Amino acid sequence: MTKTILAVDDSASLRQMVAFSLRASGYLVTEAVDGQDGLEKARVQVFDLVLTDQNMPRLDGLALIRALRALSTYQKVPILMLTTESSDEMKAKGRAVGANGWLVKPFDPQRLIEVVKKVVG
Amino acid sequence: MTIDMRQFFQVFFDETEELLAEMEKLLLAIDLRAPDDEDLNAIFRAAHSIKGGAGTFGITDLTDITHVLETLLDLIRKGEMALTTEHVDAFLEAKDTLKMQLDGHRLHTPVDEQIVAACRLRLQALAHSPAPHGVDTGTTALRAARHRASVAQPGLRRLHIGLPAMPAAELDALALELAMLGSLTRTDTATGTTVFLLDTISKIEEIVNICTFLLEPGDLTIAEQEIDRSGSGAAQDMVSTAEMTQGFGFFEPMNTLQMAASPLLAAQELAAEKAREMAQGYGFFEPFTAFVAAVAPPPVSAETVDVVADAKPAAGRREPERSTASSESTSIRVSVEKVDQLINLVGELVITQAMIEQRTDSLDPMRHERLMNSVSQLTRNIRDLQEAVMSIRMMPMDYVFSRFPRMVRDLAGKLGKKVEFVTVGAATELDKGLIERIIDPLTHLVRNSIDHGIELPAQRIAAGKNDTGRLSLSASHQGGNIVIEVNDDGGGLSRERILAKALERGLPVSDAMPDTEVWQLIFAPGFSTAEEVTDISGRGVGMDVVKRNIGAMGGLVEIRSAAGFGTTISISLPLTLAILDGMSVRVGEEIYILPLGHVVESLQPAPADVKDISGQGRVVKVRGQYLPLVPLHELFGITPRYLQPSDGIVVILEADGRKVALFVDDLVGQQQVVVKNLESNYRKVAGISGATILGDGGVSLIVDVSALIRSSQRLADETLLSS
């Protein structure tokens, strides 16, 4: 079955790049413009993978992950942070709220596809 | 599969432009004493997003300034540095520089690298200036301690950073940046390369991150020399150094937790895997196989939905929702041409519909009841469709207003004036075609208000006013028009000076002229009462151009002013140029359209109310006022049905504050007409502003009421002179 991915980023260009790359690799991608939008979309559909930016208006990436992990349907769904900040502090924070991994920005589409393949196959 | 990044450039450019505009808007509105956290975050996010996108799409020159900008903004939003006017000024300059670089990419306009370098240095200087105290001394002190670490501190290392040959300015910038992290010694080698010796406790990844803004990681060599007693972390750093020489490996392993818990061998494998992932710029917090198995999502059952619904309030409490919902998810970008094509097609549809309606008018309503019903349904649908389509072209006035805060700030600063700038009704919508043409005239009026209207603080205080002047821009709908006003509380127009100047220039004026007419004098070409010409305004070119431009849009300019209390310039524009509410009138065999906005009333005068006044032609008495009578058939040389106004109809028209009575045979009705440009389809015709196609397929001309009133005035003047 085609895997579904939720891509959350407030930057339209980055979001489109992520969505385009993943769609081209055969995934079904839903885009969300910020954490709040992402959370609302995640409530109506359980995705196979969530990719989220960190710095966003309304609800940031960490808060989104925390909120998703509070949903019973999102206990086991892999969540990756796409972040420009690769500090240990950020990683520790991500891990604490329940992220499964991280991908540092800027990344190239190939690397993103590679990482996503590792996670959802 | 390769993905062409260029396809995302346009979106990135548009997004960056929006972010820059947003950044400027927030910066201008910021209160230095108590900056709003959310605003600071939003400004930071803007810089952050631009940098992230620029990095991803390979538009590296933008990352340069955004990086320093982001660093500074991060310090400020975390309260580690206080926001000052210098910051705001530098940030605004950075915004301009980024805009220049952005335009260089997408419009291929020249980019002045000196400005870019100056801007970067200015931001860097701010980044290195000591943080003002009292904000958050705890963190500031801690940071300072970390950065200027003493030799005795454990973990302090000496890094040998080898750099390739690079421009001196970039090298200086890098030296400045790295000096923040510890004590730096710089050695330039004979081959043009440079070696930095940096005593720091910072991680190698930080240094690589800084350097990679200026050069390729592959060109960089970093080696570590131990200078402290504690040997911890040496092996780890050796790994990082090895990875970095390959061009990546920005991160150090962070798997200590798992390593401690796992058997040695597994730990080593894990470590190897981690190191590999780090080198590629991603990683997982736990072996990913664990969640590959869990990937098959549970079916969304009724139970799940319940749980989701229950979880909603809990999640909602965690982060207060901001009301500023992003509209991006529900909007698409469409080219203006497509919209215009749509509007044109709907225009044609309106005409076709009018034809059908006219054909059915002659049918027997009893026998064709169902057809008539369908036609009236069609009429309604088309009207709704037309409104909906026209609304696509409508843009909020904010598009124009948002340009001014910056200009006002810069101008006021330059002139030493204090100006508070307010906008009202920024959500008021106006046709895109008009909104773009209103920018220049408005810019001119705003400049004038600041330069000539609002006084210097000292003068204002002497006049008993607040030292800060108030300039407001407002927009509102009034009937079928949009009224845009520029209002200042400055010195107001000087009646005496304008009259004196007009006399000097030989304009026909008298002391008895009412104020409204005196104010209109400033629209005369080359008219300026400014005592000295500044580089901002006062050359006298402009006000006539303003009036002409607004006239060309079918608009009117009015001035209200009171000495000592300020001036209001009011511009009234039709909402759109494409569609006009018209009144159709018949003269002989012809149908003309009068723009409804100019029609005051229409009536059949009694024979006694029409009088011949020697030297002024015929006048008609309407509600006690004598108005010049203009027979439309005389203007266009048509044989009318009636020669006596009392047999036909007079339509009272008003434009530019003057009224005339237009004599026509008959009123046909009111209708919306689609304006077709006569100039582009035929040629300009005096007294006619355009044409339209009627329901019966015939062409009808739209009367240019302002021109008509002007010519009637001239006719009257000529008669006056010749008599």
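**Exercise 1. Work out how far to trust chain B.**

Start with the average: in this predicted model, chain B has a mean pLDDT of 75, and 75% of the residues score at least 70.

**Exercise 2. Find which strands stand at the edges of the six-stranded sheet in chain B, and say why they count as edges.**

First, write down the order: S15-S19-S20-S18-S17-S16, an open sheet with mixed pairing. Now check the two ends. Strands S15 (599–603) and S16 (610–613) of chain B each have a single partner strand, so one side of each has no neighbour in the sheet.

Then zoom in on one pair. S19 (residues 649–655) and S20 (residues 658–664) of chain B run antiparallel and are joined by 7 bridges. Within this pair, Glu654(B) sits opposite Lys659(B) of S20(B).

**Exercise 3. Identify which residues touch the most other members of the largest nonpolar core.**

The core has 77 residues, and the answer is Ile5(A), Val50(A) and Leu68(A). Helix H3 (residues 61–77) of chain B gives the largest share, 8 residues. Now follow one residue: beyond four places in sequence, Val50(A) has contacts including Leu6(A), Leu68(A) and Ile79(A). Last, a separate second core of 38 residues has Val400(B) and Leu445(B) among its members.

Definitions and conventions: Residues are numbered from 1 along each chain as its sequence is written. Chains are lettered from A and ligands numbered from 1 in the order in which they are written. This is a predicted model: local features need pLDDT of at least 70, side-chain atom pairs count only at pLDDT 80 or more; totals for chains, interfaces and linings use all residues. Two strands pair if DSSP finds at least two bridges between them. Helices (H or I, at least four residues) and strands (E, at least two) are DSSP runs, numbered from the N terminus. A nonpolar core is a set of buried Ala, Val, Leu, Ile, Met, Phe, Trp, Tyr and Cys residues joined through C-beta atoms within 7 Å. A residue is buried if 20 or more other C-beta atoms lie within 10 Å of its own, exposed if 12 or fewer, and partly exposed in between; C-beta atoms are placed from the backbone. Two residues are in contact if their C-beta atoms, placed from the backbone, lie within 7 Å. pLDDT is the predictor's confidence in each residue, from 0 to 100.
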